[in-house]
Amino acid sequence: MTLAFHRRASTSTSGSLVRDGVHRDTSIEDPIAGTTFSQRIVRAASSALAKGHSRRSFLSKTALVGSALAIGPVDFILRPGTAYGYVCGSCGDGWTAFCCTINGGSNSCPSGSFIAGWWKADNAAYCCGAARYIIDCNASCPTSCSCRCSGASCDGRRTCCNQFRYGQCHQEISCYGPVVCRIATCTPPWQYTSACTSSSATDNATVDHGAQCLATDCGKPPPPPPPPPPPPSAIAMEYAALGGSSGLLGAVVQAETAASDHRGRYAVYRRGRIYWTSTTGAHEVHGSILRAFSDVDGIHGVLGYPTADTQSSSDRRSRYSNFENGRIYYWGAGTFPIIGAIFVKHQALGGVRGFLGYPTSAVRTSLDKRSHYSNFERGRIYERGGTVREIHGAILSRHEALGGVRGFLGYPETDVVDVGDGRGRVTRFEGGYIYYTSSTGAHEVHGALWDRYHANGGPTGYLRYPHSDVRAISDGRGKFSEFERGRIYWMPGGGAFEVHGAVLDKLFEEGDVTGHLGYPTSELRPAGTVRRQTFEHGRLTYHPATGTVTVD
Amino acid sequence: MKLKAHGIEADLLPGWEGRISVRRAPLMSDANLDASRAGRAPELTQPVVHLANFPLPERRGDFGSGAVDQMGSGHVLVVLFEYGAESVGQALFRRQGLPRRLRPDMFSGSALQRTVPGQAGTQVFFTEAERTFCLYVVLGRHREAAQLVPLANRTLTATRISRR
């Protein structure tokens, strides 16, 4: 690039100044330095007009001043390039532009200038922490460039304004014009060109001087642009979606923070919280559900993080929140969690729309510490050692009446299941069974009595369903169970045997097992054309032909 | 008070202060190591004199950067910057002797390292005692040159340079 120098009206270089060792080209004195009457007028006018005005308006107004004065020197001084350069200097930083901004992007001296001196700034980021060198390109004499801004606005630095020389380079040239531009390099000037000496000048205030056309010079690419601002967090988006501070949760009480489990994050609001993990997403918990959640240790407890916002049940009776390991219901009877395997069981049984209905208690631990259980509207679910069983209805009531899990029946080993005859249901417990039909109610059978009952077909055998629990006999020796079609008697050492029909009627006539016959010692067995059943002290014979029973 | 170091003496006038210093040579810098390996001259730091009738800030550029920002009415800054021996005899340093009779017409608002509105400066390159220097004088107010230049001359008169 060749600079468009415009030599001004020539004022002869003062020979006395040169003799005095002043080698700057005084023919290029900037209006700043002018001390003539007209120059002072223009300076004052420029300063006044420049305040608060754009370049365009400023130039138009200086032109008006020039016209008004209508005298030659003033007209000369008020040429936009010159006057604007003066004013521009007052709004720039006073430093000269970098060469790459005025020399077609080249970081070198333009023609009409020469390397005249240099300085350095230490610890320069531009040079990766090493020294950065600034080399001045001063205009050659005779010079005619005019002081002006290097760019289109006062934001740019100036060119051809500062008649200053550092002096380490081309010392064989004494006359110098103003600094046209500056070269920035990480290479020491005395290595950059042999025209420079290594006498070092330092000005660390200039270490960060830069221009868009300058890059780092240490083999590294320019630093990447700053990353875009992080997107709002999932918690922030959830909060916004819920209406922010004027929404469901209210104002922020505690800003989003990492949970101590190093897994998730949470934020606290006036009426609730939002929890987040990468797997569950961000979900709110509020109100009594939040209190119930806290009661089971929140995210640190067995429920884990919420997996959905609070929602309404399809039957409109409740609101609930889902968690990783359960659910909390808020309904008319209160707010209760269902957790873990019990929750899975409850869901498998139809959830709140199933026969168990809504939870009516928090998860409880049994007194024997062997199980956890949850109560529901119509039943209970026990979880013990990985086994989860439900009991409900009359069977549950009978079980409870018999001492529950602390009674002789112990824990259920099956759910309440249908017998398969279309009538009854049964639950097996650790210590026996409870059978239920709507006509017989719920009754237990256990021990040797149940063994006999089971051997004889159970509820689908002849006896059908029990309509009593196992009862003790008044003699203190044995027990019996009463069924729809008979009884089973048991005595220690004698076994359990079924007695039914006409034989049972005859036994009653003879005083039952506390009478002279005593306890049965066999089942009713065929004997020729009759059937016979033995007792401790006799036997009863059934005669099918007549339907009678005789005592033998 | 007298400053004396590196073959330079300066009698400080009342109200003046000054420093004669040489920046620590970065002997272990990459540039100097490279220069040493290549048999080239390493970076050389030379004496720099700062004399001023106002408080000098601790952090200053060799040609007064940082100090000139503190200058106002009545203030004068005098800088003597020395070059290496290889500069002796060069055209730029043709003048002999430290100038002690500066005149207002030697100053210009554009003869500044960095333009500061209202200030003026001048540079005189010279040789004395076979040493080469740049004298750089800054006036806090150009319009006070008639009063300030004599102050600079009094200080320069009280400054002496001898052979090293």
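Modeller: What follows begins with the helix and then turns to the strands. The model is predicted, so local features are given only at pLDDT of at least 70, side-chain atom pairs count only at pLDDT 80 or more, and totals for chains, interfaces and linings use all residues. Residues are numbered from 1 along each chain as its sequence is written, while chains are lettered from A and ligands numbered from 1 in the order in which they are written.

Helix α9 of chain A spans residues 287-295 (helices are DSSP runs of H or I with at least four residues, strands runs of E with at least two, numbered from the N terminus). Its buried residues include A:Ile289, A:Leu290, A:Ala292 and A:Phe293, buried meaning that 20 or more other C-beta atoms, placed from the backbone, lie within 10 Å of the residue's own. Seen down the helix axis, the buried residues of α9(A) fall within an arc of 160° (taken from the directions from the axis to the C-beta atoms), so they line one face of the helix. That buried set packs against five strands of chain A, namely β9 (272-277), β10 (281-286), β12 (319-323), β13 (326-331) and β14 (334-339), where contact requires C-beta atoms, placed from the backbone, within 7 Å. After α9(A) comes A:Asp297, whose phi is positive, near 70°.

Turning to the strands of chain A, β5 (residues 179-185) is mostly covered, with 6 of its 7 residues buried. It pairs with β2 (residues 132-139) in the antiparallel sense over 6 bridges, pairing being counted when DSSP finds at least two bridges between two strands. Within this arrangement, A:Tyr133 has A:Thr185 of β5(A) as its bridge partner.

Key
A residue is buried if 20 or more other C-beta atoms lie within 10 Å of its own, exposed if 12 or fewer, and partly exposed in between; C-beta atoms are placed from the backbone. Two residues are in contact if their C-beta atoms, placed from the backbone, lie within 7 Å.
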